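User: I am new to this structure and would like to learn how to read its features one by one. Could you take me through them slowly, giving the general idea before each case?

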Amino acid sequence: MLIQQALGCEGQESVMEVTRPSREPAHKALPVTRQRISTMTSPLRAAYRIRHKYLSMKRKQAAAELNEPAALKGPGSRAIGQYLTPKGQESSERGPRHRTKAAEYFTFEKIPTKTTRRRRSSKRPKVLYPSDTKKYLPEEKKSKAKNCLFLLSLIVFFQIYNAIENLDDNVLKYDLAGLEKTLKREVFGQAVAIDGLMDLLKDYLATHIHNKPLVLSLNGPVGVGKSLVGRLLAKHFRSVLSDHLVYQYFVLHHCPEQDNVTGCLQELAGGITDMVSRAEEEEKIPLLIFDEVEFMQPALLDFLQSYFRPHQPNEFLNAVYVLISNYGQGEITKFVLQNASSGMMRQTTKSQELLFIVQSLLTHSHPLWEHAEIVPFTLLERTHIQDCFLEEMMREGFYPDTNQLDELSRELNYYSVGKRQYSVHGCKHVGSKVNLLR
């Protein structure tokens, strides 16, 4: 636009200068030489004026651009910004404004060219195969570790399965389910003691490998069923194992004389050694029952304790010892009578408390009971005594009624605590009372 304005002004002056001589009269015309020079220099003067005018207008425009940011803050700044910026490009309100003239006008300046970076190709370079070979991926080699891991898992599974089957076979071999039914049917009023006894037997007889023998101590007052449990255990194990793997030792029968302790020790040592040796050969666990332990001499107790220690030959570790005695009967009777009115004898907390009391007493009496599992037997109530009478009379061929059983049970002595009655001597005198009925 600036160039056109300059060209327009200068063009008019050049035309005026060229046409002036033609309007003068002929007698005032310049010489021919002067007219030729003027005709040749007029375009150059016009070009110089155009150049001078263009540079002055450019300087004015540059000065206006320096003062433009202050002017844009006022009203109408949006329109001015749009007028000064090229088409398709909006002015930024933040930072300095860099503008260029529209490309539709001719200038002597060089047009800036944008340089674009070429994006790197993300494609992987092609693999060039020889022309005489086939194109295929390398063969994947299968790892042998997977097969070894699968084989190891299979072996472990069969080992665990075999161990479980062996546990079941051992339990079935001793028929502990049948033993539990017999004890609960024949022994009255000792449900807690029977459950504890069976749990200990099941845990121990489930396997044939042990680090110590199982020592069971049945303690309680007279006539509560301790010796009856010992006889039932001996009878059951003789039926499932054999006679030579069950050993019963009655202290008053096998060692009645206190002076013959040496002979008793030799007899006891020979019986135990022979029993465990035969059981080890047959891969079975023998049962050794010692009744009336309260009458056993201290020397016999010390000798018997040597078989209960864990550091022994393997054949002495796989054995079940049952010790039957009246030790702790006073503490058990006192504990039952004190807790009879509350009716809490069947609770687990009370059973554990009674077990702790009896175990403390036995440990102070002899260190042998440090290796034993204590199974306390409690007092029998009057209803249990009636069950004992019924069982004994039916064994002798009597068929009593309820009134007769009630009359027979009244002939025995009882501890009375509230509405509960506990037998002083248990079922010990039931047999003698039934014999009087003949």
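User: How many bridges join strand 2 to strand 3, and in which sense do the two strands run?

Analyst: Strands, like helices, are DSSP runs numbered from the N terminus, with at least two residues (E) for a strand and at least four (H or I) for a helix, and two strands pair if DSSP finds at least two bridges between them. Here strand 2 and strand 3 (residues 287–291) run parallel and are joined by 5 bridges, and within this pair glutamine 248 stands opposite isoleucine 289 in strand 3. This is a predicted model, in which local features need pLDDT of at least 70 and side-chain atom pairs count only at pLDDT 80 or more, while totals for chains, interfaces and linings use all residues. Residues are numbered from 1 along each chain as its sequence is written, and side-chain values use heavy atoms, with hydrogens and water left out.

User: In what order do the strands of the open sheet lie, and which strands stand at the edges?

Analyst: In a regular strand the side chains alternate between the two faces of the sheet. In this model, 5 strands form an open sheet with parallel pairing, in the order 2-3-4-1-5. Strand 2 (246–250) and strand 5 (373–376) are the edge strands, each with a single partner, so one side of each has no neighbour in the sheet. From one strand to the next the twist averages 15°, where angles run from 0 to 180 degrees between N-to-C directions and axes are lines fitted to C-alpha atoms, for helices over the stretch in contact.

User: Which strands does helix 7 touch, and which does helix 8 touch?

Analyst: Contact means heavy atoms within 4.5 Å. Helix 7 (residues 191–205) packs on the sheet against strand 1 (214–219), strand 4 (320–325) and strand 5, and its direction makes about 170° with that of strand 1. Helix 8 (residues 226–240) also packs on the sheet, touching strand 1, strand 2, strand 3 and strand 4, with its direction at about 155° to that of strand 3.

User: At what angle do helix 6 and helix 8 cross, and is the crossing left-handed or right-handed?

Analyst: Angles under 35 degrees count as roughly parallel, over 145 as roughly antiparallel, 65 to 115 as roughly perpendicular and the rest as oblique. The axes of helix 6 and helix 8 come within 11 Å and cross at roughly 150°, and the two helices are therefore roughly antiparallel. Their crossing is right-handed, a term used when the near helix is turned clockwise from the far one by less than a right angle, anticlockwise being left-handed. Among the residues in contact are Leu179 and Leu183 of helix 6 and Leu232 and Phe237 of helix 8.

User: Which side chain meets lysine 184 in a salt bridge?

Analyst: Side chains of opposite charge can pair when their charged atoms come close. A salt bridge is a side-chain nitrogen of Lys or Arg within 4 Å of a carboxyl oxygen of Asp or Glu, and the structure holds 13 of them. In one, lysine 184 meets glutamate 180 at 3.3 Å, N to O; being 4 residues apart in helix 6 (residues 176–186), the two are separated by about one helical turn.

User: How many residues lie between strand 6 and strand 7 in their hairpin?

Analyst: Strand 6 and strand 7 have 2 residues between them, and glycine 418 in the turn has a positive phi of about 65°. Strand 6 (residues 414–417) pairs with strand 7 (residues 420–423) in the antiparallel sense over 4 bridges, with tyrosine 422 in strand 7 as the bridge partner of tyrosine 415.
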